[in-house]
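Me: I have a protein model open and would like to learn how to read it. Could you take me through it one feature at a time?

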Amino acid sequence: MGGVHVCSGKPASGDSCACDDVFLAAVEKAVLPYRGRPEDLVLALHDVQALRNYLPREALRVVARVLEIPESRVFGVVTFYSMFSDKPRGRHIVRVCESAPCCVMGAREVIDALLGELGVDMGGTTQDGRFTVETTSCLGVCGVAPALMIDDAVYGNLVPGDLPAILRRYE
Ligand code: FES
C-alpha cells in the first residue's frame, strides 16, 4: 500500500476517491456530536475510522475543524495510537499476537499459515480488500495462546489448520 492518501479530487486507484463528498459528509455527521470538544478527540477518531476502517487525510481535516483544534494535534494522535491507521485497510482487521506467551505456544506457525492463506505480508491487505493483517502485543487472553483477533472477535488455542474455517466467516 502507498503512503498517506492526500485527496486530489480524483480516484486514487480506479475506485471512487476516498475523500468524495458523500464520505466527507458522513465524517462531518459522525463528528458533529463532538463539536468544540477537543477532549473527545480519540472518541471522534474511533467513530470516523469505523466508516472506512482507516482515516484519510481529508477526514482528519474535518475532525480538526469541527473539534476546533489544530490539524497537527489530530495527526499526532493518529500516528501515536496503533489502533488508528491513516492508510487504507481491508474490511476486517486481523490482529495477531506476538507477545511471548503466544510465541511459546506456537504463534509463529499460526502467523506464517495466516499470511500464506491470505497471500499477504505482515501489514498487508488482501487483493480483494477483505483483510488487513497487523501485529499486536498481548490481547489479554494468554490462557488460550496462541491467539488472534478479527475485528472484535478473539480466537484462541489456534493451530494453523483452524484458519481456513475462521476466515470463511468473513465476507
Ligand atoms: S501473549 Fe498473546 S494473548 Fe497474551
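**Reading the model, feature by feature**

Reply: Start with a proline in a loop. This is a predicted model, and Pro 70 sits in the loop that joins α3 (57-67) to α4 (71-80).

Me: Is Pro 70 buried, exposed or partly exposed?

Reply: Buried means under 20% relative accessible area and exposed means over 50%, with partly exposed in between. Pro 70 has 48% relative accessibility, so Pro 70 counts as partly exposed.

Me: How far is Pro 70 from Pro 38 in sequence and in space?

Reply: The two prolines are 32 residues apart in sequence, and their C-alpha atoms are 9.8 Å apart.

Me: What does the secondary structure of the protein come to?

Reply: There are seven helices and four strands. Along the sequence the pattern runs α-α-α-α-β-α-α-β-β-β-α.

Me: What share of the residues is buried?

Reply: Of the 171 residues in the protein, 42% are buried.

Me: How do I read the packing of two helices, say α2 and α3?

Reply: Look at the angle, the distance between the axes, and the residues in between. Helix α2 (residues 41-52) packs against α3 at an angle of about 140°, and the axes are 11 Å apart. The crossing of α2 past α3 is right-handed.

Me: Which residues of α2 and α3 meet?

Reply: From α2 there are Leu 41, Ala 44, Leu 45 and Val 48, and they meet Ala 59, Leu 60, Val 63 and Leu 67 of α3.

Me: At what angle do helix α1 and α3 cross?

Reply: Helix α1 (residues 21-31) and α3 cross at roughly 35°, and their axes come within 10 Å. This crossing, too, is right-handed. The residues making the contact include Phe 23, Leu 24 and Val 27 of α1, and Ala 59, Val 62 and Val 63 of α3.

Me: Next, the aromatic rings. How many aromatic pairs are there?

Reply: The count comes to three aromatic pairs. One of them is Phe 80 with Tyr 81, an edge-to-face pair with 4.9 Å from centre to centre and 90° between the planes. Phe 80 has a relative accessible area of 65%, so Phe 80 is exposed. Tyr 81 is partly exposed, because its relative accessibility is 33%.

Me: Why is the pair of Phe 131 and Tyr 170 edge-to-face?

Reply: Planes over 60 degrees apart count as edge-to-face. The planes of Phe 131 and Tyr 170 are at 70°, with ring centres 6.1 Å apart, so the pair is edge-to-face. Phe 131 belongs to strand β2 (residues 131-136) and Tyr 170 to the segment after α7 (163-167), so the pair ties together parts 39 residues apart in sequence. Both Phe 131 and Tyr 170 are buried.

Me: Which residues form an aromatic cluster?

Reply: Phe 80, Tyr 81 and Phe 84 form one cluster.

Me: Where is Glu 71, and what does Glu 71 touch?

Reply: Glu 71 is in helix α4. Leaving out residues up to four places away in sequence, Glu 71 touches Arg 61 and Ala 64. With 34% relative accessibility, Glu 71 counts as partly exposed. Glu 71 and Arg 57 are 14 residues apart in sequence and 9.8 Å apart, C-alpha to C-alpha.

Me: Is His 92 buried or exposed?

Reply: His 92 is in strand β1 (residues 92-97). Its relative accessibility is 13%, so His 92 counts as buried. Beyond residues up to four places away in sequence, His 92 touches several residues, among them Asn 53, Phe 131, Ile 150 and Tyr 170.

Me: Last, the cysteines. How many disulfides are there?

Reply: A disulfide needs two cysteine sulfur atoms within 2.5 Å, and the count here comes to zero. Cys 138 is partly exposed at 40% relative accessibility, and Cys 142 is partly exposed at 37%.

Technical notes:
Residues are numbered from 1 along each chain as its sequence is written. This is a predicted model: local features need pLDDT of at least 70, side-chain atom pairs count only at pLDDT 80 or more; totals for chains, interfaces and linings use all residues. Side-chain values use heavy atoms; hydrogens and water are left out. Buried means under 20% relative accessible area, exposed over 50%, partly exposed in between (1.4 Å probe, protein chains only). Rings of Phe, Tyr and Trp (its six-membered ring) pair if their centres lie within 6.5 Å; planes under 30 degrees apart count as stacked, over 60 as edge-to-face and the rest as tilted. Axes are lines fitted to C-alpha atoms, for helices over the stretch in contact, and angles run from 0 to 180 degrees between N-to-C directions. A crossing is left-handed if the near helix is turned anticlockwise from the far one by less than a right angle, and right-handed if clockwise. Contact means heavy atoms within 4.5 Å.
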